2 protein chains.
Amino acid sequence: MQIGTLAIVGVGLIGGSIGLAVKRRRLAERVIGVGRRQESLDQARRLGAIDDGFLELAPAAKVADFMIFCTPVHRIAGQVLDAAVNCSKGAVITDAGSAKATIVSELDGRLPRDVNFVGGHPLAGSEKRGPQHADADLFRDRLTILTPRRQTNAEALERVTAFWTALGSRVKTMTPEEHDRALALTSHVPHLLASALAGSLPAELSELTASGFRDTTRIAAGDPELWTGIFLQNQPQVLAALDRFDYQLNEFRAALLSQDEARLRQLLEQAKRVRDALGS
Amino acid sequence: MQIGTLAIVGVGLIGGSIGLAVKRRRLAERVIGVGRRQESLDQARRLGAIDDGFLELAPAAKVADFMIFCTPVHRIAGQVLDAAVNCSKGAVITDAGSAKATIVSELDGRLPRDVNFVGGHPLAGSEKRGPQHADADLFRDRLTILTPRRQTNAEALERVTAFWTALGSRVKTMTPEEHDRALALTSHVPHLLASALAGSLPAELSELTASGFRDTTRIAAGDPELWTGIFLQNQPQVLAALDRFDYQLNEFRAALLSQDEARLRQLLEQAKRVRDALGS
């Protein structure tokens, strides 16, 4: 794995963590950050996540041979298109967006011939925002999903795989559609439920919440802008996953309505088995 | 606050934590535990949570002047009735059950004249079980709800209030019905949702979960037996709270269906405000 200039577009929690991890492992000669606010770029530089900051995409694209987009999902495809025309031959572009099919299809056949895109999604993160929460170990022992198409350049896929492996992550390949169907169930619907639960709490009952409510709603503190984008980009799969959840919730409701003790216990035992298997 | 002999019925996480806290603060001359398994009692004694263990309720009731029931909610009322006939004059009985109206009404007018019951619920706990997870500080800076009736003996209420205050807890008084309505929203429905979410996860997607899914479903690892009891005892309020949640979930679903970006962001922002206010 050798990168000349790595450009990280969006130096928040994910982008900042990538920068810290790359610099600690000396995976690139130079790490540059691209952001909309000078303040964030300065902060990322002070934290040691990037060497230099750029407010514009074009000059960063011109000097980078490897670019990773860590911006909100609904901005990624447009930004990649803007960047790609400025990239030099052989540049590899990837991203860290939580929904993949829309991005990948928006880029299909629209990039310059010698610029290659590989969709990616590291399953790591936090409800926290900003480079001040960045962590060089955020991706260690985590899973990163890459979503190549049949037409994806094999060498670019190899470079992106090597990149995440070097950051300590395992890498798994799926189609963008498989990814989006799975993540709707494992991430997007949980976020929706946590938000609906937090949103349904009457203000006067805040003091009657304990650690259970706080755990269950923790991710509802995530960035509304970011999550609006994820939900809209993955809308059909999120709705389908919500139906699947609803089915299970209705099993609970039916058992409760009929006061079916054995069924209720069975449902709770099944849920406990699943949860216990995930570990803490 | 001075207790001669404190009897803790059920020496699991909550009972064990009460024992540790009482002994550390020297709030009772003697702490005895009542349990169904000698092994748990021995463990609680080794951990310093109790001085002696009893497998039977009657002999413990005879020597205790303050009893606290930390058994599953659906057993508490029956056990209190069994214990009360053996209690000496002036004994105070309380509990730590997560649903209150059924227990309190089952005991109404059925206790011996000089034995007083005050319903209680410390808002502290964990998905973990057993005295090995007990923590002397579990109740510090937490809230304990007491649910007296108009006819509840004032001195008994004072003693139970002093007990929890001495363990570091704040104490708030509510009617059993107010408690159950509130906790359905802040604890019981969150548990139901976490369990339904865990239960709806296809086995092959386990590896695609990250910290968000784990946080949101953490409480689904709780004891199925215990929670079956809570759900059934508080069934009407849990169903009503579920309807309230459903209303909010449908707001999200409608915004998603109509791809109403502004509304989705608004709902997520509202949820974030609520969650941010709760702290980590």
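This is a predicted model: local features need pLDDT of at least 70, side-chain atom pairs count only at pLDDT 80 or more; totals for chains, interfaces and linings use all residues.
Q: At what angle do the axes of α11(A) and α9(B) cross, and within what distance do they come?

A: Two packed helices are described by the angle between their axes and the distance between the axes. The axes of α11(A) and α9(B), the latter spanning residues 224-233 of chain B, come within 9 Å and cross at roughly 135°. Axes are lines fitted to C-alpha atoms, for helices over the stretch in contact, with angles from 0 to 180 degrees between N-to-C directions. α11(A) and α9(B) are therefore oblique to each other. The scale is: under 35 degrees roughly parallel, over 145 roughly antiparallel, 65 to 115 roughly perpendicular, the rest oblique.

Q: Which residues of α11(A) and α9(B) meet?

A: From α11(A) come E261(A), L264(A), R265(A), L268(A), E269(A) and K272(A), and they meet P224(B), E225(B), W227(B), T228(B), F231(B) and L232(B) of α9(B). Contact here means heavy atoms within 4.5 Å. By class, this contact of α11(A) with α9(B) has 6 nonpolar, 1 polar and 5 charged residues. (Ala, Val, Leu, Ile, Met, Phe, Trp, Tyr, Cys and Pro count as nonpolar, Asp, Glu, Lys and Arg as charged, the others, Gly among them, as polar.)

Q: How does α11(A) pack with α7(B)?

A: Helix α11(A), residues 261-278, packs with α7(B), residues 176-199, at an angle of about 65°, and their axes lie 8 Å apart. The two helices α11(A) and α7(B) are therefore roughly perpendicular. Their crossing is left-handed. On the α11(A) side, L268(A), Q270(A), A271(A), V274(A) and R275(A) take part, facing H191(B), S195(B), A198(B) and G199(B) of α7(B). The contact of α11(A) with α7(B) divides into 4 nonpolar, 4 polar and 1 charged residues.

Q: How do α10(B) and α11(B), both of chain B, cross?

A: The axes of α10(B), residues 235-257, and α11(B), residues 261-278, come within 8 Å and cross at roughly 150°. That makes α10(B) roughly antiparallel to α11(B). The crossing of α10(B) and α11(B) is left-handed. Q248(B), E251(B), F252(B), A255(B) and L256(B) of α10(B) meet R263(B), L264(B), L267(B), L268(B) and Q270(B) of α11(B). In the contact of α10(B) with α11(B), 6 residues are nonpolar, 2 polar and 2 charged.

Q: In what order do the strands of the chain A sheet stand?

A: Strands of a sheet pair through backbone hydrogen bonds, either parallel or antiparallel. In chain A, 3 strands form an open sheet in the order β7-β8-β9, and the pairing is mixed. Two strands pair if DSSP finds at least two bridges between them; helices (H or I, at least four residues) and strands (E, at least two) are DSSP runs, numbered from the N terminus. The edge strands of chain A are β7 (120-122) and β9 (170-173), each pairing on one side only. Strand β8(A), residues 143-146, pairs with β9(A) in the parallel sense over 4 bridges, and I145(A) stands opposite K172(A). Helix α6(A), residues 154-166, packs on the sheet and touches β7, β8 and β9 of chain A, its direction making about 170° with that of β8(A).

Q: What is the order of the strands in the sheet of chain B?

A: The sheet of chain B is open, with 3 strands in the order β7-β8-β9 and mixed pairing. β7 (120-122) and β9 (170-173) of chain B stand at the edges with a single partner strand each, so one side of each has no neighbour in the sheet. β8(B) and β9(B) run parallel, joined by 4 bridges, and L143(B) stands opposite R170(B).

Q: What rotation superposes chain A on chain B?

A: A rotation of 180° with 0.0 Å of shift along its axis superposes chain A on chain B, with an RMSD of 0.0 Å. The two copies are thus related as by a two-fold rotation axis. Superposition is by least squares on the C-alpha atoms of residues with pLDDT of at least 70 in both copies. In chain A, the C-alpha nearest the axis belongs to T216(A), 2.0 Å from it. The same surface serves both copies, as 100% of the contact residues of chain A recur in chain B.

How values were computed:
Residues are numbered from 1 along each chain as its sequence is written. Chains are lettered from A and ligands numbered from 1 in the order in which they are written. Side-chain values use heavy atoms; hydrogens and water are left out. A crossing is left-handed if the near helix is turned anticlockwise from the far one by less than a right angle, and right-handed if clockwise.
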